[in-house]
Structures are given as C-alpha cells and as structure tokens.
Amino acid sequence: MLIRGLTVCLWLGLACQVACAVESEEEEQSPGILFPWRLIGLGHRVKRAWVIPPVNTPENAKQIPKRLVQIKSDTLKPGEVIYRIKGPGVDEDPKGFFSIEEKTGWVILTNVLDREKQSKFKIKAFALDLSGKTLEDPTELEIVVVDQNDNRPVFTEIEFIGNILEHSEPGTFVMNVTATDADDIETDNALLRYSIHSTESIPPFRNNKTMFGIDGETGVISSLDVGLDREDVEGFNLTIQVADMEGNGLSSFSTALIYITDINDNAPNFTSDVFYMSVPENKAPVDIGRITVTDEDEPMTDNWWAKFTITIGNEEGNFVITTDTLTNEGIVTVLKPLDYEAKPAYKLIVKVENTRPLSTLAPKGPQSSATVIISVLNHNEAPVFRTNPLTLAIPEGTQAGTVLFRNIAFDPDRQALRYALKSDPDGWLTLNSETGEISAKKDIGKGSPFLINDVYAAVLTVSELGHDSTTATATVEITVLEVNDFAPELFPLTGSMCHDPKKGPGLVLSAVDRDHPPHSAPFEFVLDPNYPEQSQNWTINPINGTHAILGLLSPVDEGMYIISVSVEDSGEPTKSSIQEVNVTICHCNGAGSCQPIAAAIFQVGAGLSLEALLIILGSIVLLLLFLLLMTTVSHCRHVPVKQGLLGISDDDIRDNILNYDEQGGGEEDEDGYNIDQLRNPNDVIPSPTATVPRMKQPLRKDTPYNYPSPSYPRKAPNDPTDIEDFINDALDAADNDPNIPPYDTALIYDYEGDGSMAGSLSSIASGSSDGDHDYDYLNDWGPRFKKLADLYDSHGH
C-alpha cells in the first residue's frame with residue numbers, strides 16, 4: 001500500500017510523472033512534488049497504490065546539495081508529519097549520497113555521483129506522526145544515475161604481438177586488437193572505433209608500403225599487400241588508435257608488433273667448390289676437417305640447419321659428415337682406418353640441403369654440391385695379428401706335429417716378419433719363425449699342470465725386419481676337449497643276495513669312468529645280451545644315473561653264480577664294457593640277511609628228504625674223522641721216508657693246483673682272477689722245477705695291490721708242528737698274496753706235512769697197490785689232472 005492520498009504534480013501540468021531537469025538551474029529549482037489524489041464517492045475516501053517512476057539525476061553534478069524529489073502525505077496537517085528514508089546511499093554502502101528534509105519531504109543529493117561506481121539506488125521512504133507511528137506503508141523510490149562521457153577507451157594489452165608467414169597473400173589474418181570503455185555501453189559514450197595511426201618497418205625504412213589494415217569495428221588486422229619477405233624485413237611496428245562516440249569522442253593509443261615468420265625459401269650453398277683435407281693412415285674415428293655453407297633463412301631453425309650427403313666416393317662407409325648445430329658447418333669424420341698402401345687418396349662428392357623441405361615459394365635451382373679431396377698420410381705401422389688372442393679347441397690326444405695355426409699375422413706396410421715364442425710353459429708348441437705356423441711339439445693331454453680350466457696359454461711376438469721395426473704381441477689359448485677314451489668299469493664284482501627275490505634288496509651295482517663329464521655318467525646297466533638265458537632269472541633296474549640293482553625274477557638255489565653285466569657311459573661316441581659279477585646266493589632270514597650255514601641247514605632241514613639228511617650227516621662225520629686223522633699225523637715228527645701226499649718228493653710239490661668252489665661254472669669259472677693277464681701267450685715265467693715254462697700267476701681283483709707278489713714256487717713252512725699252525729700260515733699267505741684266490745675260497749693246500757706215518761692216502765680207498773689200478777681215465781678230466789695222470793702212469797706202469 002503506497003502513501004495514502006498522495007498526488008504527483010508535474011512540471012508544465014503533466015499528471016502522474018516526475019520530470020528531470022538536467023541543464024538549467026530553473027529546472028533544478030523546480031523539483032517534482034508528490035500530492036494526494038483524492039477520490040470521493042458514496043461519502044467516503046478510497047486508498048489507491050501508486051507506482052513511482054525512477055528519478056534520474058546526472059553523474060558528476062557540480063551543484064551539491066541538490067533537491068531531487070519531494071514526497072508528501074495528506075493524512076495530517078503540514079508540520080505534524082515526519083519523513084524518513086532508508087537504503088543504499090543513505091545508511092547502507094555507499095553511504096552519504098542522499099538525505100531527506102523531515103518536515104517537507106524533499107530528497108536531497110548530498111554528494112557527487114559516479115555512474116561507473118554506482119549506476120542506480122533503491123531507497124525506501126517513510127511517513128510518521130510526531131509519536132513515531134507509521135502513517136503510510138513504505139514506498140520504494142529508485143534513483144537512476146545518468147551517464148556522461150567521462151571515461152576514455154582503454155586497450156586490453158599494452159602491446160599486441162602477431163605473426164605472419166613471409167610471402168603471405170593479401171587479406172591474411174594477423175591478429176585482433178581489443179579495447180574497453182567504462183561508460184554506458186548502451187550509449188555512444190562506449191561506442192568504439194579502431195584505426196592504424198602509423199606504420200614502421202623493422203629495421204626502419206626498409207619498407208614504406210602500407211602492408212596492413214584494421215577493421216574499425218572489430219579491431220581485426222590483416223595483410224593488404226604482397227612482398228612480405230623475412231630476408232628483407234623482420235616485421236612491422238603499428239601504432240593503433242581507439243576512440244568512443246563512434247570514433248569522435250575520447251581516444252587512446254597502443255602498439256601492434258607484427259613479425260614475419262620465416263619459411264624455407266632459400267636453399268643452402270657451399271662457400272667453395274673444393275675442400276682439401278688429410279688423415280694419418282690407421283687412425284679412426286677422427287674428425288679431419290669442416291665444410292662451410294651459407295643460408296639466408298632464419299638461423300637456428302630447420303629452415304637454416306644443413307644436412308650433408310656423400311653421394312660418390314663413400315661406397316665402403318669410411319666417412320660420415322655431421323652438422324655442427326651452432327655454426328651449420330659440416331664435420332668430416334673418418335670412421336674406419338685407412339691404409340695408405342691400399343689407397344692414398346679419396347675423392348668425395350657432397351650435397352647439402354636443409355632439414356626442412358624447401359618451400360614451393362623458393363626460387364627453383366640446382367642443389368648445391370662440392371668436392372672433398374682427402375689425402376692419406378703414410379707412416380710405419382706395427383704388424384697386426386688377425387685375431388688376439390689366438391684361440392683353438394682340440395681334442396685330447398692330438399699328436400705331435402699337428403699344425404694348429406697358420407697365417408696368424410700380417411704387416412700393413414708389407415714388410416717381412418719374424419715370429420718368436422715368448423712363453424710356452426709346458427713346451428707344447430713349436431713355431432716357424434718365418435711363416436708363423438704353430439704346431440704341436442708333443443702329444444696333447446690333460447695331465448699338464450699348466451692347464452687351467454682345460455685351457456693352455458702361451459705368448460708369442462711378431463716383429464718387422466729392419467732397424468725401424470715394430471713388434472706386436474698376442475696370446476695363444478688352446479682349449480683341450482675331453483674325449484671319451486675310457487670305458488666305464490663295473491663295481492663291485494662280488495656280492496651276496498637272498499635266494500628269494502622277495503627277501504633282501506638285491507645287489508647294488510655302480511661304475512667308475514676315468515673320463516670327465518660329459519663322457520662319463522649317467523651310465524646304463526644291462527644284462528649281457530650275449531647270454532640271453534640270464535634274463536630268465538635275473539634283472540637289472542636303474543636307481544639313478546650311477547647305480548642300478550641286480551636282482552632275481554624268481555627264487556634260485558643257493559650257491560655261486562656268475563652274471564655277465566654290460567655298463568655303457570654317455571660319451572660321444574659311447575663306450576661300454578662287459579664284466580662278470582660273482583654273486584653268492586644264500587638263504588636269508590625274515591629280515592633279508594644271510595644266515596650261517598648251520599642255521600640254514602637246520603632251518604631247511606624240514607624240507608629235505610631223509611636220504612639228503614643222511615648224506616649231510618655222513619659228510620659231517622667224514623670231515624670230523626679227516627680232522628682227527630690230520631691231528632694224529634701232525635704228532636708224528638720223524639718219518640723214515642720223506643715224501644708227499646701222493647708219494648712224490650718235496651721238489652715236485654704241486655703248489656699251483658687249486659680247487660674252486662665251482663657250483664655252476666665248473667672248470668670255466670675263473671672270475672676270481674684277472675683273466676686278461678692270461679691272454680698273452682708270451683707272458684710266461686720260468687719254473688725252477690720244470691723244463692716247460694708255466695703261465696704267470698693271475699692276479700686277484702679284490703686284493704690291495706700295494707702288497708708285493710711273492711716269489712714262486714712258494715715253499716711250505718719248515719716242519720710244521722701242528723695242523724692249526726699250518727692252516728693259519730696258509731691263510732695269512734692267502735690274505736696277502738694278490739696272485740691266489742680270495743681268502744674265502746676253498747683251498748686244498750698242496751703241502752700236508754713231512755714224515756707222515758700213514759704214507760699215501762690211496763690205501764684208505766683200496767687195499768691194493770697203485771700199480772693194480774688203471775689211471776688212464778684221469779687223462780679225460782682235463783689239463784688240471786694231466787700232471788696227476790702222468791705221475792700215476794709212471795708209478796703204475
């Protein structure tokens with residue numbers, strides 16, 4: 001609800017509006033007045049709400065204070081109403097611009113207004129009685145500050161910078177300059193226009209043409225003419241102007257710098273047609289000279305940097321030309337050593353271009369080229385080994401005289417050479433001093449103490465002949481390769497197993513090989529294929545690469561078995577050996593261990609027939625009687641006739657007749673000996689008691705070979721007093737003699753004591769004399785009984 005009963009009286013009688021006088025003082029002294037508008041009808045008054053138009057006042061007014069507008073209430077008599085205002089410009093920021101006369105209602109301007117700081121104010125007016133009671137509802141009053149052209153336009157940048165490619169066409173956009181004006185943009189006070197005030201080339205006075213224009217409304221600067229050449233001018237300095245009031249008001253100035261951007265419109269050119277350089281032979285890599293070029297394009301850019309290409313004369317890749325990025329010169333470098341004797345001079349044809357392709361605007365013409373002459377300087381060079389060190393891999397066993405190296409060095413100056421061995425620690429090599437040929441001086445083996453990691457090292461020198469000679473030194477490294485020259489050997493060659501394959505682990509076999517890896521393990525163990533019948537009861541199962549188990553497929557009888565086994569190594573080519581293993585099959589207990597003979601007999605006795613038991617018991621009785629007889633004989637110390645068991649003299653003691661426990665092989669069982677020693681028919685020793693030489697005694701395989709072999713024939717102990725002493729002496733001889741069967745082999749000792757009262761044991765078997773018997777059947781028993789047959793034949797016949 002607006003002020004009740006207010007009427008507005010306007011200048012010149014215009015109703016319901018407020019006029020604003022801007023220029024004359026009479027207008028300023030005739031402000032608008034708000035009066036009540038009374039409407040009377042039906043004997044009472046009706047209240048109306050009024051919308052008051054804005055009150056305009058110019059900025060920068062010089063007469064202060066100034067009345068703007070009067071408000072008046074007709075509810076009370078004049079003098080009984082108090083007027084107040086509130087809002088921005090009064091008690092709110094910005095303060096101090098407006099006040100009101102509390103009795104008259106005039107709104108007073110108390111300070112100079114600035115539209116650029118505050119363009120309008122909205123305040124509220126109040127009417128109160130003397131007691132402070134509100135008479136009317138608050139009325140909003142808007143005061144508008146009218147703009148004046150009191151601000152110059154301002155460029156947004158102190159200096160505008162733009163670029164344009166050289167040789168650009170007219171109308172090419174360069175840049176856009178802008179300015180602002182703080183005045184009211186809705187008036188001409190802020191209506192701007194742009195213009196170019198002046199133009200100057202960089203450097204000055206190079207170009208006086210009008211090369212650029214500007215759009216007055218938008219400030220866009222474009223090219224106007226052709227001939228923008230960076231090699232002629234670097235750019236232009238433009239002074240630009242902006243003015244308001246459509247270019248007729250206030251104005252300002254600024255600078256626009258336009259730089260011409262270089263394009264590659266100039267090709268590089270050599271400063272000379274021929275460049276001369278020199279280089280010492282055998283010296284590389286080395287820089288030997290520079291070639292220079294000129295380019296009018298902008299330095300330190302891709303349009304200026306040169307790129308050099310050798311088109312002729314560098315087919316072997318001996319040279320390269322790189323660019324110095326600071327000077328743009330071409331640096332000529334020798335990449336490979338040059339030989340004066342091979343070629344004393346080189347001629348190179350070089351072309352140059354920029355790293356960036358030449359612009360289509362550049363003048364057409366041939367690519368610049370130049371010639372580079374390079375002279376090679378000669379000097380005396382040392383001999384050169386073709387490789388250093390000289391390396392070679394040869395197999396062990398390479399024979400003396402084998403040529404190892406040829407053509408090992410040369411002299412760049414083509415002078416005669418002399419070779420010498422400087423170090424040959426084990427004397428392996430021989431050297432031809434004129435040709436440099438190296439040969440093996442002796443057989444090559446791995447036993448040398450100077451062989452380190454299978455490599456033998458020597459040092460040799462080569463020098464030129466003459467007083468101005470030079471010398472070179474090289475190392476010879478010979479790698480000795482392992483050769484598979486030994487077959488693996490099986491061990492052990494004896495062992496025992498349970499007769500039942502379900503008991504005991506079998507016999508573990510292994511092998512040794514005097515070769516080194518890779519010509520040794522892993523080994524392959526198989527039964528000898530030459531005896532296929534072995535596979536019926538026997539088998540070999542591998543454990544790993546070095547061990548295998550010899551086992552049974554089914555139970556066999558107790559006794560001695562000879563199993564032929566083949567073992568093969570992993571060499572290249574492979575080597576193998578076949579050896580015989582003496583396996584004793586025994587009766588085992590539940591734990592898989594062999595039992596004593598007596599226990600075995602009693603344990604298996606229940607499974608034997610009565611006849612078998614009687615035979616075993618009879619044998620035991622006979623053995624006891626024999627021992628008793630031997631004891632009796634040992635007590636007889638004096639015998640009238642001195643003879644042996646078979647009635648021959650001591651000089652004919654048959655100490656080479658042996659009895660073996662041959663349960664499977666018969667006379668063929670000779671595994672207890674080193675049979676190889678019997679295969680040479682020339683390997684014989686003389687016998688002091690026989691006219692025919694006999695074979696050398698075979699060696700046992702299980703005896704320590706540090707025991708010396710006794711002399712033969714072996715003499716019996718002198719006059720043994722007791723059978724126990726005799727047996728102990730014989731056992732000690734068996735244990736320490738490598739030429740007789742092992743200690744656990746059953747022996748029939750050929751010496752039974754002197755002076756036996758019983759005479760020949762043949763009397764036990766028969767009461768008749770030897771002459772009454774026919775002993776010819778002994779000749780059919782083999783060569784072992786031939787001696788016995790000859791003895792009885794001579795006595796009986």
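Me: Which residue in β27 is the bridge partner of Thr-323?
Reply: That's Gly-330. Keep in mind that this is a predicted model.

Me: OK. How do β26 and β27 pair, and over how many bridges?
Reply: They run antiparallel, with 5 bridges between β26 and β27, the latter covering residues 330–334.

Me: What sheet do they belong to, and in what order do the strands come?
Reply: An open sheet of 3 strands, ordered β23-β27-β26, with antiparallel pairing.

Me: Which strands stand at the edges?
Reply: β23, residues 286–291, and β26, residues 319–323. Each has a single partner strand, so one side of each has no neighbour in the sheet.

Me: And by how many degrees are neighbouring strands turned against each other?
Reply: On average 30 degrees in this sheet, with direction ignored.

Me: How accessible is Met-300?
Reply: Partly exposed: its relative accessible area is 42%.

Me: What about Asn-453, what's its phi?
Reply: About 55 degrees, again positive although Asn-453 is not a glycine. You'll find Asn-453 in the loop between β36 (438–440) and β37 (455–464).

Me: Is Asn-453 buried or exposed?
Reply: Exposed, with a relative accessible area of 71%.

Me: New topic: how many disulfides are there?
Reply: The count comes to 1 disulfide. Cys-498 and Cys-588 form it, and their sulfur atoms are 1.8 Å apart.

Me: What's the handedness of that link?
Reply: Left-handed, with -100 degrees about the S-S bond.

Me: Which parts does it tie together?
Reply: Cys-498 is in strand β40 (residues 494–498), while Cys-588 is in the loop between β46 (576–586) and α2 (597–604). The pair therefore links parts that are 90 residues apart in sequence.

Me: Are those cysteines buried or exposed?
Reply: Buried, both Cys-498 and Cys-588.

Me: Zooming out, how many helices and strands does the chain have?
Reply: The protein chain has 6 helices and 48 strands.

Me: What share of the residues is buried?
Reply: Of the chain's 797 residues, 35% count as buried.

Me: And the accessible surface, what does that come to?
Reply: About 45,600 Å² for the protein chain, and 54% of that belongs to carbon and sulfur atoms.

Me: Last one. What percentage of the contacts between residues at least 6 apart in sequence join residues at least 24 apart?
Reply: In this protein chain, 67% of them do.

Note on methods:
Residues are numbered from 1 along each chain as its sequence is written. This is a predicted model: local features need pLDDT of at least 70, side-chain atom pairs count only at pLDDT 80 or more; totals for chains, interfaces and linings use all residues. Side-chain values use heavy atoms; hydrogens and water are left out. Two strands pair if DSSP finds at least two bridges between them. Helices (H or I, at least four residues) and strands (E, at least two) are DSSP runs, numbered from the N terminus. Axes are lines fitted to C-alpha atoms, for helices over the stretch in contact, and angles run from 0 to 180 degrees between N-to-C directions. Buried means under 20% relative accessible area, exposed over 50%, partly exposed in between (1.4 Å probe, protein chains only). Contact means heavy atoms within 4.5 Å. Accessible areas come from the Shrake-Rupley method with a 1.4 Å probe; for residues, only the protein chains shown count as cover. A disulfide is a pair of cysteine sulfur atoms within 2.5 Å.
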